[in-house]
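Please open the model in your viewer, keep the sequence panel beside it, and follow the stops below in order.

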Amino acid sequence: MPKVIIDCDPGIDDVLALLLAAASPELEIVGITTVSGNVPADMGAGNARKALAQAGRLDIPVYIGEMVPLKGKYVDAMDTHGSDGLGESFLPEIPGVFPEKSAVDFLEEELEKEEISIIALGPLTNLARLFLKRPELVDRVSRLVSMGGNFKSHGNCSPVAEYNYWCDPKAARICYQMFADAGKKIEMAGLDVTRKIVLTPNLLSYMERLDPKTGAFVRKVTGFYMDFHWEYEGIIGCVINDPLAVAYFLDPSLCSGIERYVEVETEGICRGQTVVDSMNFWKKEPNSLVLTETDAGRFMRFFLTRILRKEDGTRWAKEELSCLEQL
Ligand code: BDR
Ligand code: CA
């Protein structure tokens, strides 16, 4: 069973990703760490616990991480995710206290013990802090799947930048450079693939029919996000980036890509842009597997089957299966 730490900034799509991870029996989630991104890291930790409560997995510990980026002013994404980070659903806080240990200390201690994979769904601040402090621990990361960046796709918070890397470009730059130094590759699940993953009102209705409890939760947290997508992108539905990173971690055949050298710009109008050396101008060893293609229908079947807990043992009704066939 692969051991994994999920570093995230919940965030509506982060919470959907946590539901998917929590419902995946082949994953051993050692812990969840939060970072300031969509919302401040402490608010994100509360939201992570709301997702875990929904999934019946409050046994998984949540560690609060870095409150500000490595450099510059922190800019949240509450315009996209709501003032509570969960689409202004204002779900009640889950009682309990957070461990004293910081996210960075937790990551350090766990990686010291053994090799672990990391799925990063927010800015890379925690990871950059860890690797700056303990560069040798890069080698202990079995796989790093990072939702962030973009290659041919346009940005989602500037013409050229994706939010997670734009929020803390220095952290992203450091992680890619340190993976290059260690001869390792970050698996970059950027907007080229995640943009294809749209949760539509129809799918939401299927979810409510198939599993009213999960469907109601997803409706509560995604309404605000859907309004945002209509207003700014003219999309009926919402792009759910983060669950694809988890699904791809579990089943790499869901995406394919190219191995290339990637550098992250930190300043000016290109702040946060992932510069992918697709034509090998720099003659550098690839430090990334840049995901460029995905099968959105297959992802959606995988995602729904898991979070609606229709896995083995439960016989799907004919009508339920035919809903998924349409994807
Ligand atoms: C990423 O930024 C956040 O808004 C989402 O949670 C996702 O991780 C997409 O750019
Ligand atoms: Ca996120």
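This is a predicted model: local features need pLDDT of at least 70, side-chain atom pairs count only at pLDDT 80 or more; totals for chains, interfaces and linings use all residues.

Begin by selecting G234, which lies in the loop between helix 10 (212-233) and strand 8 (238-239); helices (H or I, at least four residues) and strands (E, at least two) are DSSP runs, numbered from the N terminus. G234 counts as partly exposed because its relative accessibility is 47%, where buried means under 20% relative accessible area, exposed over 50%, and partly exposed in between (1.4 Å probe, protein chains only).

Residues are numbered from 1 along each chain as its sequence is written, chains are lettered from A and ligands numbered from 1 in the order in which they are written, and side-chain values use heavy atoms, with hydrogens and water left out.

**Pairs that are separated in sequence**

Select K113 next, which is found in helix 4 (residues 103-113), and is exposed because its relative accessible area is 58%. If you then pick R140, you have a pair that is 27 residues apart along the chain, with C-alpha atoms separated by 9.1 Å.

Move on to L130 in helix 5 (residues 125-133), which counts as buried because its relative accessibility is 0%.

Which residues of helix 11 are buried? Select residues 242-250 and you will have helix 11, which is mostly covered, since nine of its nine residues are buried; they are D242, P243, L244, A245, V246, A247, Y248, F249 and L250. Stay for a moment on L250, which has its place in helix 11 and is buried because its relative accessible area is 17%. L250 and L27 are 223 residues apart in sequence, yet from C-alpha to C-alpha they are 8.0 Å apart in space.

Helix 1 can be selected next, and this helix is also mostly covered, with 11 of its 11 residues buried. Among the buried residues of helix 1 are I12, D13 and D14.

**The ligand and its surroundings**

Now select ligand 1 and show the residues around it, which are D13, D14, N38, H81, L121, M147, N156, E162, Y163, N164, N241 and D242; a residue is near a molecule if one of its heavy atoms lies within 4 Å of it. These shell residues divide into three nonpolar, five polar and four charged, where Ala, Val, Leu, Ile, Met, Phe, Trp, Tyr, Cys and Pro count as nonpolar, Asp, Glu, Lys and Arg as charged, and the others, Gly among them, as polar.

At D242, an oxygen atom of ligand 1 is 2.7 Å from an N or O atom in the side chain. The protein covers 96% of the 280 Å² of accessible area that ligand 1 has on its own, with areas taken from the Shrake-Rupley method and a 1.4 Å probe. Helix 1 (12-22) and helix 6 (163-167) are the elements that give two or more residues to the shell around ligand 1.

**Backbone details**

For the last stops, display the backbone and select P10 and G11, where the peptide bond from P10 to G11 is cis, with omega near -10°. G11 lies in the loop between strand 1 (3-8) and helix 1.

Finally, select N280, which lies in the loop between strand 11 (274-276) and strand 12 (288-294), and which has a positive phi of about 60° although it is not a glycine. N280 is partly exposed because its relative accessible area is 35%. K283 has its place in the loop between strand 11 and strand 12, and K283 has a positive phi of about 50° although it is not a glycine. K283 counts as exposed because its relative accessibility is 66%.

Note on methods:
A polar contact is a pair of N or O atoms within 3.5 Å; within protein, one must be able to donate a hydrogen and the other to accept it, and residues adjacent in sequence count only if both atoms are side-chain atoms.
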